[in-house]
Amino acid sequence: MSYFSDLDKLWAGGSKSSSQKSKGSKNQPLKWWFIIIGGIVLLFIALAVWKSIYTDWLWFGSLGFSSVYTTILTTRLWLFFAGSFIFLIILLPNLFLARRLSPPMAATTSIGQGLMVARQIVDRGILAAIVFLSFIFGLVTLGSWEMVLRFANPTSFGVAEPLLGRDVAFYVFSLPFYHYIQGWLLWALVITLIFTAFVYGLNFGFRPSSVTTGARGHLLALGASIFILIAWNYQLKVFDLVYSDRGVVFGAGYTDVHAQWLAWRILLIISIICALLLLVNIFRRFKNSLLITVGIWVISAILFGSVYPAMVQRFQVEPSELARERPYIERNINLTRLAFGLDQIEEKDIPVELMPSEEDIAQNSATINNIRLWDYRPLKDTYNQIQSIRLYYDFNDTDVDRYEVDGSYRQVILAAREISPEKLASEAQTWVNRNLQFTHGYGVTMSPVNEVSDEGLPALWVRDVPPIGKVEIGRPEIYYGESTNNYVIVNTKVEEFDYPKGDTNVYTTYIGSSGIRLDSFIRKLAYAWEFGDINILISGELKSESQLLYRRHIQERVQHIAPFLKLDSDPYIVVSEGKLYWVQDAYTTSTRYPYSQPIPEGINYIRNSVKVIIDAYDGSVTFYLIDPDDALAKTYATIFPSLFTPIEEMTASLRAHLRYPVDLFKTQVSVYRTYHMTDPRVFYNKEDMWAVPTEIYGDAERTMEPYYVIMKLPNEEGEEFLLLLPLNPSQKDNMIAWLAARSDGDKYGKIIAFNFPKDKLIYGPRQIEARIDQDPVISEQLTLWGQKGSQVIRGNLLVIPIEESILYVEPIYLRAERGQLPQLKRVVVVSGNRIAMEKTLAQSLSAIYAGLPEVELPPAEVSPAEVSPATEINELARQAQEHYQKAQEYLKAGDWAGWGEELQKLEEVLKQLVELAPE
């Protein structure tokens, strides 16, 4: 007897009486309605899948990444059909065998006929469930495409883990695949066992005593297969010991190596024995054999899998934990440092002076000239108030970078002026305006980080529309950005708005070619369905040359091309050779690096291997491979050979604007706070834990963020662009070290940790904030502003290393109660035991370094035989005044070297005056 009968009997219900046939004939129209509706639903699903594939294929092709999409699509389709087919191969033969081993059902009585009908109904239910489950298994398998491709294209890390001596590549690429296959097969066999047992239950009346030897043997064989898969799982668990979190550190510890490993081996053997017992029981029946077999396995799993390792941990490890765990702590330290790139950090011990000298200030004039007084948060509000120009423009973010301007290496903040059509007046919110006319933003605004106008506003180096200033921009249109979330259609019969000009507007035509040509009915229909917008299909404004631009948000764009890369949260805009580009940092990550301590997100390996450049005008995307030694990046390059471009092919103009990413630096710092300790004893006792300091921003205390600076590192020749962050000892406020990540030239990617003497107090950011709060003059002024209804915004406290000492700078902004225009009102400078708050950085520095107490001298008698002391004092006073005036002139001109030289001369004159003063 076949498993499902034939289709005619399945639909007709098998042999029926004449009355049943008459009744069935009345149900024929209903049956056909179900067939028609089901066919329509299937057709709709098929067309929806085709639409999604077709539109994505066009989009990838427009960017030159057709091969990337083809690789992903074919792998996903192959896995879907393979998953569904293999599941059916496992399930259907077992169900067929179950039906063959079941007793035939007689239909000679009315009860028998009723049972026949009931069984046919159940058959249909089982058939529907099988189709559904095969679809589900196919979808589950489809989702593993990245893991399968990585398994098929592994790359050696060149690092062997110390437990089993296998290359890290086995754990990153192979072990997850083996776990997936084991779990997939186990679920398939469990479901097969359930369905098979259900079929036998229907045919044997759910009475175990009536089950035949063949049926019983069939079920036992399935059970044995499940135990074999369980045994395989225990074998894989041995490799998983490198991810154990039982001990004092992540990775296999003493208990894992000396107890859990043995337990998994024992349970592996017991699982195989259980499988053999079930197979033996097929031929020689033992009473309660199934319960005994399962019981043996459950008890063994509890005793060996949990109890035995817990006892070893409690009675052998905990009483002498450090001695037992020391070698495993070393493994964790070494591999964690490797996984996060901390082994490449160069550590330097530096003596720290109380405060920079005048000579230090003079010799580091470029550092002083690039101290960032403008905080990116209030500056964004300021830009939106003074440079958004029209209500439909918006500055979404501000970015810190560096440019050569007028022959000087200067740190700047710039922001892209993006279009926000949702801010158009309500009567202007038409489909034509949103999608055909207001299609792009325009230009950037740029200002140096340290220059302030008399009104407390930034000095704009690039401003207005069209953009004018010190940096030339020849292609200012921004079709792709951080807030461009809607699709637009260009090259239509509607002129595109370019920028406002007085009382009129200037219009333009898009000349790029990276969009989707809407030159056929099929394409228009597909995208009208994709976006749920029939206007694409029926609008008379479109032409055959019209192009559809979508996925214009740069992060969505990059992520859709390369979903296997983790993106940095802060892409930034760059002006290069007159064009605008977005730079998006991308990371290769893993959660499977052995012994490496995971961060809260679960990642325990990260590399910034890819820099993605997006053209803000035409949306073209280039993935530059910046770290070809990264094993994960090599694997992805093997899978997608046309995706990556060598970093050597990036233009020098763009390479000059690459910067060490903040997200990566934060991640590394979060791990380095603990893993700078390389001695196992110190690490175990957590004797030297560090912490990221806190600062006051606005009126609230928050964790300090890394910040970019241009400065000269100690014992280096010139200034460079760095990402900087100070660190405190844990639960203390003094500063213990600062980390600097380099970004310029061949030094890109190098990190230096400057460690301070542990026997010397170096003020940390929180202590400096407290000193600012306690200063009576500063506190009184801030309170007065607050009482007048203005909002006082305390900006980032910047810790600026100057030679072998520290300068602290904090800008103070003021925002009117009813306004949104933050203005820079004061700059606080702290150096050593001195503190000053003046209108400008130069004035604050002058107050600290030239604010020495005046010397008060009593009158003296003049001797006719020698030069009068009073005369000499007057001459020295004249010289002091002259040096002070020259210092002020140099200060206004930004000539810190000349300023420092005049201050030194002033100091010498004052010393002479002190010597002349009578005691």
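Visitor: Why is leucine 845 called buried?
Guide: The relative accessible area of leucine 845 is 0%, and buried means under 20% (exposed is over 50%, partly exposed in between, with a 1.4 Å probe and protein chains only). Leucine 845 therefore counts as buried. This is a predicted model, in which local features need pLDDT of at least 70 and side-chain atom pairs count only at pLDDT 80 or more, while totals for chains, interfaces and linings use all residues. Residues are numbered from 1 along each chain as its sequence is written, and side-chain values use heavy atoms, with hydrogens and water left out.

Visitor: Where is the place of leucine 845?
Guide: Leucine 845 is in helix H25, residues 841–849. Helices are DSSP runs of H or I with at least four residues, strands are runs of E with at least two, and both are numbered from the N terminus. The C-alpha atom of leucine 845 is 9.6 Å from that of valine 827, and the two residues are 18 apart along the chain.

Visitor: What makes threonine 382 count as buried?
Guide: Its relative accessibility is 0%, so threonine 382 is counted as buried. Threonine 382 belongs to helix H14, residues 376–386. Setting aside residues up to four places away in sequence, threonine 382 touches Trp374, Leu457, Pro458, Leu821 and Pro822; contact means heavy atoms within 4.5 Å.

Visitor: Why does serine 514 count as buried?
Guide: A relative accessible area of 10% makes serine 514 buried. Serine 514 sits in the loop between strand S12 (504–508) and strand S13 (516–517). Apart from neighbours within four places in sequence, serine 514 is in contact with Ser62, Tyr480, Gln547, Asp618 and Gly619.

Visitor: What is the phi of arginine 551?
Guide: Phi of arginine 551 is near 50 degrees, a positive value in a residue other than glycine. Arginine 551 lies in the loop between strand S14 (547–549) and helix H18 (554–561). At a relative accessible area of 12%, arginine 551 is buried.

Visitor: And what is the phi of tyrosine 595?
Guide: Tyrosine 595 is not a glycine, yet its phi is positive, about 70 degrees. The residue is in the loop between strand S17 (579–590) and strand S18 (605–615). With 0% relative accessibility, tyrosine 595 counts as buried.

Visitor: Which kind of peptide bond joins valine 465 and proline 466, cis or trans?
Guide: The bond is cis, with omega about -10 degrees. Proline 466 is in the loop between strand S7 (462–463) and strand S8 (468–469).

Visitor: How do H4 and H7 pack?
Guide: Helix H4 (residues 66–100) and helix H7 (residues 168–204) pack at about 25 degrees, with their axes 9 Å apart. The contact includes Gly83, Ile86 and Phe87 of H4 and Trp184, Leu185 and Ala188 of H7.

Visitor: What is the make-up of the contact of H4 with H7?
Guide: Its residues divide into 15 nonpolar, five polar and one charged. Here Ala, Val, Leu, Ile, Met, Phe, Trp, Tyr, Cys and Pro count as nonpolar, Asp, Glu, Lys and Arg as charged, and the others, Gly among them, as polar.

Visitor: How many helices and strands does the chain have?
Guide: The chain has 27 helices and 32 strands. Of its 919 residues, 51% count as buried.

Notes. Axes fitted to C-alpha atoms, helices over the stretch in contact; angles between N-to-C directions.
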